[in-house]
Structures are given as structure tokens and as C-alpha cells.
Amino acid sequence: MFDTLYEWFWWDRIWLPVNLTWSDLEDRDGRVYAKASHLYVTVPYAFAFLFVRYLFERWIATPLAVSAGIQQRVHLKAEDNPILEAYYTTHYRNPVQADIDGLSKKCSLSVRQVQRWFRRRRSQDRPGVLKKFREASWRFVFYLSAFIGGIIALYDKEWFYDTREVWTDFPRQSMLESQYWYYVLEMSFYGSLLFSVAFDVKRKDFKEQIIHHLATLVLLSFSWCVNYIRIGTLVMLVHDASDVLMESAKLFNYAKWEKTCKTLFVLFAIVFMVTRLIIYPFWLIHCTWVYPIQHYPAFFGYYFFNVMLVVLLCLHMFWAYLILCMIRKFVTGTVSLLSKNASMADNGHKPSHT
């Protein structure tokens, strides 16, 4: 049964254009092709990223935060109370008045004492600025490195300037070493974000971030297996461009460099709108939607790939809405830019990335 499912899943007609089989993507004549088995290495690499992140946050980000005047905030610890703790973890963090009255009777505490206990308990779970700074520092370093690496890998490629070249000689396009590492490191990083989701700062767009990370990994895995690598590298580069500015804006926000933060946030908003809402749909999705059928008939993998790209586009529009709302509040003076946190964002989390 397993063999049958395996054969059905990897059926050529699902993933490849007509008249092409997996045997056409076997290494020969000096050509090297991406293989699904190559992706196994992203799992240990993801854990390696977590280890490097731990060292970076402890030995680089934390001293940097201290030098910027950011200190670990000490919260008053809520007293041990099994009844209130059980309610807090299984029901609500902000109980209504009726529940507070009931809990007061159960615990033989005054209403004021119960309210104070919940305030302190919520405060314990609230991530401090130092933790946020460390996370943003790590993501900033990765996105900046990935963006620079992407530029180096793509600046001399024809398809970087003319997206029609993405499909020239497809699928017989030999994989380059720069493409291999670009993919492996990006996928490993997103894998590490999924592994660390349990202890990372929870933001308002938490669910959207999980969807984004999963969609990104599925999209990259699929493009890798069917040799859509050229368009995959362009998609990664477009996403990394704005992520760098988002994370840097958050860093200066946490350090209370308000003018620098405002400038970076405005730059981020401009780059985000241009890359995610203009270049991404009108160049990249156009490239994957229009040009392939000039070379071969549409097939399931063609539709699947484009649907995943559209899923990311929907998330881009959601984050763009949040960005515009924040800018509107900032302009009207109803909120300080990036106040409370840059909760709408990121990779990481940000209006993310891919």
C-alpha cells in the first residue's frame, strides 16, 4: 500500500509537463538536477540554525542590546495558586467579572487580590523588549545575509533581468551550486522558525505567519523537485528585500531611536508595496502563469505552483493593509509608529517572508 501511494504521489503527470518523466531529470551529460533527497539536509541544518541563533542571541545580540540601553525587565511573580493557574491556562487570561467573583470565593481571596494575580500572571508571559530585540537582531542578520547572497547569486543571470529566460531550456536546466545553497539555507531557516514557534514572541499575526512559513516551505520544496529553481530564487530575493528593513526598524524601535525607526519604517513600507504588491504579482506570478504554457500544456503542478504563489500574495495584501493602518494612525497622531511592538510583522515575523 505504501509503495502504491508513493508511486501515485510521484506520478509524472502530476508534477511534470506532458511528455516529460522523472528520468528526464536524472544527472547526465554534465547536467546536475535538484532531487527531493537533497532536501533531507534542511532538517539538521534547521537545528543547526537554532544552535547558531542561541549563540548569536547570547553573545552578540544581548551585549548589543545592553549597549543600546535595553535591559531585561523584572516582572513581579504571581503567587502559586493551582486554582487560578488552572483557569488561566485552560480558560481565559482576562476573566470577566462574574468569573473573578467565583474564583475569589474558591480561593478565599478578595476580588482585588484575584485581579492582581491575573495582572501579574499576564505580565510574566509578556515578552520583554530584550527578548524582542534578540529575535529581531537574528532575523535582521539572516535576511541581510540572504539578500546580499541572493544578489551575488543572481546579478549575472539572464533571468534576473528578463523573466522569459526563466523557462529557456526548461526543464533541462542544470542546477548551480549557488542555487543549491540559496535554497538549502532559506528552507533551513524557515524550518528553524517553525521549530522555534513555541518559544518565540507571539504576535497578532501568529496564524498568518504559520500559514506563510508552511506555504513558503511547500512552495520551495515543490519548485526544487520539479526544477522551478530559477523562479524560486527570484521569489526568495523579492521577499528578503523588505524583511531587512522591517527587522532593522524594529531594532531601532526597541532601542527608542524614534526618528531612525520612522525613517526605516517608511522605507520598509515603500519597498514592501513595490516588491510584494507590484513586482511579485505583475512580474513573478505573470512569469509563472503566462510564459510556461507557451512551452507546454498546463498540468496539475503548474496550477499547484501558481495557487501557492497566490496564497502568499493574499498574505502580502493582509500585511499591506496592516501597514497602511499603522501609517494612517501614525499620520493622524493616534499612535506612535511601531508602538507596543511591530506586532503585525514577521520572519520572523514581520509581514513576512518568504
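Phe 47 is partly exposed, with a relative accessible area of 47%; buried denotes under 20% relative accessible area, exposed over 50%, and partly exposed the range in between (1.4 Å probe, protein chains only). Phe 195, at 39% relative accessibility, is likewise partly exposed. The model is predicted: local features need pLDDT of at least 70 and side-chain atom pairs pLDDT 80 or more, while totals for chains, interfaces and linings use all residues. Numbering starts from 1 along each chain as its sequence is written, and side-chain values use heavy atoms, without hydrogens and water.

## Aromatic pairs

The whole structure contains 36 aromatic pairs, defined by ring centres within 6.5 Å for Phe, Tyr and Trp (its six-membered ring), with planes under 30 degrees apart stacked, over 60 edge-to-face and the rest tilted. Among them, Phe 47 and Phe 195 are stacked, at 4.7 Å centre to centre and 15° between the planes. Phe 47 belongs to helix H3 (residues 42-67) and Phe 195 to helix H9 (residues 177-195), so this pair ties together parts 148 residues apart in sequence. Helices here are DSSP runs (H or I, at least four residues), numbered from the N terminus.

Phe 222 and Tyr 228 form an edge-to-face pair, with 5.8 Å centre to centre and 80° between the planes. Both Phe 222 and Tyr 228 are buried.

## Aromatic cluster

Phe 222 and Tyr 228 also belong to one aromatic cluster, whose members include Trp 15, Trp 167, Phe 170 and Tyr 296.

## Trp 59

Trp 59 is located in helix H3. With 59% relative accessibility, Trp 59 counts as exposed.

Definitions and conventions: Helices (H or I, at least four residues) and strands (E, at least two) are DSSP runs, numbered from the N terminus.
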